[in-house]
Each structure stands twice: as structure tokens, then as C-alpha cells.
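User: I would like to learn how to read strand pairing and helix packing from a model. Please take me through one case.

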Amino acid sequence: MKIYLVQVGYVDADILDSIRGEVMKVFRGAICEINEEAIPLPEKAYNRVRRQFLSEILLNEVLKIVMELENKIGEQCIALGVTDVDIYAPEMNFIFGEAQCPGRAAIISLFRLRPEFYGEEPNRDLLIDRAVKEAIHELGHVFGLGHCKDLRCVMFFSLHIGMTDRKTRTFCKKCAVKLDNVIDLRV
Ligand SMILES: [Zn+2]
Ligand SMILES: [Zn+2]
């Protein structure tokens with residue numbers, strides 16, 4: 001199974017590559033690649049009052065890429081969009097990411113994972129650690145996993161960055177079993 005990382009707008013290549021490596025460690029047997037083609041930020045997704053992009057429109061663009069890739073490679077695949085702009089969903093101030101559950105497409109935003117957003121010094125390792133957690137979380141949804149009550153589990157729902165920092169990048173035992181069942185079916 002292939003998982004493609006797709007830039008939505010400009011995203012630092014080093015950060016993408018770090019996410020790529022960690023995704024391959026967690027989802028055994030998956031091949032993770034960075035898609036050469038980036039998605040330009042869709043202007044219609046931008047809300048000038050909120051100064052944020054509507055996640056749903058970005059996610060739909062990622063889904064279009066999945067369809068194109070599937071036609072090209074002739075098998076089912078998954079795409080994770082990565083963006084550096086602030087994203088939101090209706091009735092939410094912001095979101096760290098969104099995914100089809102289950103499905104083929106997901107997106108994460110780095111915007112609120114950056115320590116500088118919270119008035120702290122830039123910290124690349126911390127940013128990457130947070131991005132990996134959010135990437136694995138959204139991919140967990142793509143595989144059909146819901147939110148988990150275990151606050152150390154990667155499937156715990158982060159309402160704020162403290163919750164992302166508290167959880168780990170691994171699945172708790174229950175979620176790991178669910179994931180194994182789904183991935184086995186797909187092999
Ligand atoms: Zn979630
Ligand atoms: Zn769990």
C-alpha cells in the first residue's frame with residue numbers, strides 16, 4: 001500500500017521528509033512517498049474574515065490527487081496533504097487536521113504546531129514531533145480508527161497543543177489491534 005504526502009501550498013521539504021520516514025516506521029509494510037506535484041492553495045477556500053482556509057476544500061483537492069494517482073499506478077492508495085496555512089472547519093476555531101474516516105485522504109496543518117505560534121522560540125524537532133503525531137492520527141482515521149480515550153494514544157483527540165504534546169506517536173493496544181485487522185485486510 002502506498003501513502004503519498006502531498007504539499008498543499010508551500011511546505012518545507014525537510015519537514016515532509018521527516019514525516020515520510022516516521023510514517024513508514026509506524027505503518028508497517030506501507031511505502032510512503034512525497035508526491036512531486038504540489039496542490040496550489042485554492043483561493044476559494046480562504047476566509048478573509050477568519051484569515052484561515054476551509055479544510056474541507058483542501059481535503060477535496062487532496063482527494064482529487066488520490067484519484068489521479070490511483071489511475072496512474074493502478075491500485076488503491078492514500079494521500080496525506082500537508083499544509084503550512086491555518087485551517088478550520090465549521091463551528092471550530094481551528095483544526096490540526098481532518099480525514100475521511102475511513103477513506104483515502106487526509107490533511108494536516110503545521111501552522112499551530114509551530115512553537116512560535118504560541119510565542120515560543122522556534123524548535124524544529126518539536127515541530128516535527130508534533131507533525132508526526134498529527135500525521136499518524138489522521139492516517140489512523142483514514143484506516144477507520146475513531147478517537148481514543150487513552151490520552152497517551154496517538155488517536156486521542158487534541159483540542160489544543162498541550163494535548164498533542166502529552167500524547168505519543170504510537171497506538172495504544174486496543175487501537176493497534178484494530179489497525180492490524182484493517183491493514184491485514186488490505187494487504
Ligand atoms: Zn481525530
Ligand atoms: Zn487508542
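**Sheet and helix packing**

Analyst: Strand β1 (residues 2-8) pairs with β2 in the parallel sense, over four bridges. Two strands pair if DSSP finds at least two bridges between them; helices (H or I, at least four residues) and strands (E, at least two) are DSSP runs, numbered from the N terminus. This is a predicted model, in which local features need pLDDT of at least 70, side-chain atom pairs count only at pLDDT 80 or more, and totals for chains, interfaces and linings use all residues. Residues are numbered from 1 along each chain as its sequence is written, while chains are lettered from A and ligands numbered from 1 in the order in which they are written.

User: Which residue is the bridge partner of I3 in β2?

Analyst: C32 is the partner of I3.

User: How do I read the packing of two helices?

Analyst: Two packed helices are described by the angle between their axes and the distance between the axes. Axes are lines fitted to C-alpha atoms, for helices over the stretch in contact, and angles run from 0 to 180 degrees between N-to-C directions. Here the axes of α1 (residues 13-26) and α3 (residues 124-142) come within 9 Å and cross at roughly 50°. The two helices are therefore oblique to each other (under 35 degrees counts as roughly parallel, over 145 as roughly antiparallel, 65 to 115 as roughly perpendicular and the rest as oblique).

User: Which residues of α1 and α3 meet?

Analyst: I15, S18, I19, E22, V23 and V26 in α1 meet I128, A131, V132, A135, I136 and L139 in α3, contact being C-beta atoms, placed from the backbone, within 7 Å.

Note on methods: Two residues are in contact if their C-beta atoms, placed from the backbone, lie within 7 Å.
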